[in-house]
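Work through the exercises below with the structure open. Each task is followed by a solution in steps.

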Amino acid sequence: MTSTDLRLAQNRVNIDTLASRYRADFPVLEQRAADGRPLIYLDHAATSQKPLPVLEALQHYYACDNANVHRGAHQLSVRATESFEAARSAAAEFVGAASAREIVFTRNASEAINLVARSWGDANLRAGDEVLLTLMEHHSNLVPWQLLAQRTGCVLRHVGITETGALDLDDFRAKLSDRTRLVSLVHVSNSLGCCNPLDQVIPAAHAAGALVLVDACQSLAHKPTDVAALGADFLVASSHKLCGPTGMGFLWAREALLEAMPPFLGGGEMIQDVFLDHSTWADLPHKFEAGTPAIGEAVGMGAAIRYLQAVGLEAIQAWEAQLTRHLFERLQAIDGVRVLGPTPEQQPERGALATFLVEGVHANDIAALMDASGVCIRSGHHCCQPLHRHYGVTASARASLSFISTFEEIDRFGEELASTVSFLREHS
């Protein structure tokens, strides 16, 4: 056994021990492919699977506590409100917020970004002001700002990427100016997997007088995140990337910013007093939460956050780093495969995913044949069409991992991918 083989064997013991602790909590992974082998889910970056404590929390809420929040004096409403607000406190603790008042519940991260664009953006940006984005952004962090630019006349600028698929810091510094009012960027790219250097971006943006919004959808479930340590002004998250239910997310923002921002939507719940000709607004964070919220989903998200904290974000990050190195090794061993973004050697803190192209083979064909073999991966533009245009392609394939992924799954993925690529080349 070579030293490399020994290292991989030792790593497998570590990761398989972690997976063996928690995989039983995820019923969806018990399914079998058509050939009887276990179904392999490698699309965690698109949506995470849900553990039993989350499913049980949803079941308990709807079976035992189903009622509207903040509005009833009866016992069901009291219990529902307590669980709902406990989820807010869990989210605040999860990201290191100064107070639960800084957590605004939204339907997802997309709505959270739209809230900032509509409320803070409309109130503060004018023609000639600049919003600095990046080439790697998800459409959720591009389209709301395009709409804002149409409404206000503000200017959008976009930071490029390096040859290795990382943020081009030189380009960032060149485009940051005294006209920049906001820098909005992803923490970990859902396509490139790169982890952006927020420790350099945020201080530079603040020095130029700009605020910073962080899209943390691909980082919160994979590494510890503290908004105070980051120094960010806004941060957005989606529950379904955190082992929680869909249709739920949150915005974190500094309390002073939220206090100054006007409401996003009007209606019930977000008001203090309503008259025929005017209204006054509820205290934070309810000023931004119009109508009956997604109560069960919030309760489920709270359970998911507590579950991730029990597993341990530091442990998750370390174990997924081992898996990611193995994933890259398997991909790099297949002729004609090109992985986008920095390698684990180039950027050890990169995300636990690999987006790849195969010369002469379409990504959708790869994903379809892999699925027939019971391996679920992603194909398409991953809501990053500008990035794919930069690379001159319309689609790519992506395998993304979680702390419940195993070395055996990656090995089977590699074998099936090599077989699929060979088959498609032979029949093209």
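**Exercise 1. A helix pair**

Helix α2 (residues 52-65) and helix α10 (residues 295-311) pack with their axes 8 Å apart, at an angle of about 150°. This model is predicted. Classify the relative direction of α2 and α10, and list the residues in contact.

Solution. 
Step 1. An angle over 145 degrees counts as roughly antiparallel.
Step 2. The angle here is about 150°, so α2 and α10 are roughly antiparallel to each other.
Step 3. The crossing of α2 and α10 is right-handed.
Step 4. On the α2 side the contact is made by Pro-53, Val-54, Ala-57, Leu-58, Tyr-61 and Tyr-62. On the α10 side it is made by Ile-295, Gly-296, Glu-297, Val-299, Gly-300, Ala-303, Ala-304 and Tyr-307.

**Exercise 2. A sheet and the helix on it**

Give the strand order of the open sheet of 4 strands, and find its edges.

Solution. 
Step 1. The order is β11-β12-β15-β14, and the pairing is antiparallel.
Step 2. β11 (337-340) and β14 (378-380) each pair on one side only, which makes them the edge strands.
Step 3. From one strand to the next, the twist averages 30°.
Step 4. Between β11 and strand β12 (residues 353-358) there are 4 bridges in the antiparallel sense. Within this pair, Val-337 stands opposite Val-358 in β12.
Step 5. Helix α11 (residues 313-332) packs on the sheet and touches β11, β12 and β15 (396-400). The direction of α11 makes about 10° with that of β12.

**Exercise 3. Cysteines**

How many disulfides does the structure hold? Check Cys-217 and Cys-383.

Solution. 
Step 1. The structure holds 0 disulfides.
Step 2. For Cys-217, the nearest cysteine sulfur is that of Cys-383, 11 Å away.
Step 3. For Cys-383, the closest cysteine sulfur is in Cys-384, at 7.0 Å, and this is too far for a bond. The cut-off is 2.5 Å.
Step 4. Cys-217 is buried, at 11% relative accessible area, whereas Cys-383 is partly exposed, at 31%.

**Exercise 4. Backbone exceptions**

Most residues other than glycine have a negative phi, and most peptide bonds are trans. Examine the backbone at His-70, Cys-383 and Pro-285.

Solution. 
Step 1. His-70 is not a glycine, yet its phi is positive, about 65°. His-70 lies in the loop between α2 and α3 (75-95) and is partly exposed, with 32% relative accessibility.
Step 2. Cys-383, not a glycine either, has a positive phi of about 60°. The loop between β14 and α13 (385-391) holds Cys-383.
Step 3. The peptide bond from Leu-284 to Pro-285 is cis, with omega near 0°. Pro-285 is in the loop between β10 (279-281) and α10.

Key: Residues numbered from 1 in each chain as written. Predicted model: local features only at pLDDT ≥ 70, side-chain atom pairs only at ≥ 80, totals over all residues. Heavy atoms only, no water. Buried < 20%, exposed > 50% of the residue type's maximum accessible area, 1.4 Å probe, protein only. Pairing = 2+ DSSP bridges. Helix = DSSP H or I, 4+ residues; strand = E, 2+ residues; numbered from the N terminus. Axes fitted to C-alpha atoms, helices over the stretch in contact; angles between N-to-C directions. Contact = heavy atoms within 4.5 Å. Parallel < 35°, antiparallel > 145°, perpendicular 65-115°, else oblique. Left-handed = near helix turned anticlockwise from the far one by under 90°.
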